[in-house]
Amino acid sequence: MSDHPIVYLFVHVICGVHGREKLLARPVRRVLFTHMQKEGEEKGIRIIAVNGVEDHIHLLVQLMPSQNLVQVVKSIKAASSGWLNENKLLPAPFEWDESYYALSVSPSSVKQIKDYIEKQEDHHKTKTLDAELEAFERLKESL
């Protein structure tokens, strides 16, 4: 065994735009997601996948042993909303909802969740965020 901990903690995080406003148009999302991954890398936050639609985003994050979920999500949300506002990419100040959803992901499911996140635009042509979150709630209730 290694002298260092070997940790595989993966979390699927869903963050909504404040008030579920549809503010994140495709061109804004493209630059935002690139910025989020670069910024995360600089802060030691491993964002494996990020994608979304106008009113919410999905992230797949690998937590390191010294990180906790609350701090990581808070950092990602603060940095991304700050960047959007500083660069005036939207007509009004941008905010994320205070709350978020987080689901643990088994290492054996990382590829499946990554694929799911990458197909968000297709997925949300037929399903709203509320319908998606209801499905997650049903999963929780079946435990």
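The following legends describe close-up views of a predicted model.

**View 1. The four-stranded sheet.** Strands follow the order β2-β3-β1-β4 in an open sheet of 4 strands, and their pairing is antiparallel. Because β2 (46-53) and β4 (96-105) stand at the edges with a single partner strand each, one side of each has no neighbour in the sheet. On average, neighbouring strands are turned by 20° against each other, direction ignored. Strands of a sheet pair through backbone hydrogen bonds.

**View 2. The pairing of β1 with β3.** Strand β1 (residues 9-17) runs antiparallel to β3, and 8 bridges join the two.

View 3. L60 belongs to strand β3 (residues 56-63). L60 counts as buried because its relative accessibility is 0%, below the 20% cut-off. Beyond its neighbours within four places in sequence, L60 is in contact with residues including F10, I48, V105, I113 and I117. K114 is 54 residues away along the chain, yet the C-alpha atoms of L60 and K114 are separated by 6.8 Å.

**View 4. Helices across the sheet.** Helix α2 lies across β1, β2, β3 and β4, and runs at about 135° to β4. Helix α3 (residues 110-118) also lies across β1, β2, β3 and β4, running at about 155° to β3.

**View 5. The cavity.** The model contains 1 cavity of 30 Å³ or more, and the space in the largest cavity is about 60 Å³. Helices α1 (26-42) and α2 (69-86) each give two or more residues to its lining. Among the lining residues are H35, M36, I76 and A79. By class, the lining comprises 5 nonpolar, 4 polar and 2 charged residues.

Conventions. Residues are numbered from 1 along each chain as its sequence is written. This is a predicted model: local features need pLDDT of at least 70, side-chain atom pairs count only at pLDDT 80 or more; totals for chains, interfaces and linings use all residues. Side-chain values use heavy atoms; hydrogens and water are left out. On a 1 Å grid over the protein atoms alone, a cavity is a set of points where a 1.4 Å probe fits but cannot get out, and a pocket is an open set with protein on both sides within 12 Å along at least five of seven lines; lining residues have an atom within 4 Å of a point. Grid points are joined across faces, edges and corners, and a volume is the space filled by probe spheres set on the points. Ala, Val, Leu, Ile, Met, Phe, Trp, Tyr, Cys and Pro count as nonpolar, Asp, Glu, Lys and Arg as charged, and the others, Gly among them, as polar. Buried means under 20% relative accessible area, exposed over 50%, partly exposed in between (1.4 Å probe, protein chains only). Contact means heavy atoms within 4.5 Å. Two strands pair if DSSP finds at least two bridges between them. Axes are lines fitted to C-alpha atoms, for helices over the stretch in contact, and angles run from 0 to 180 degrees between N-to-C directions.
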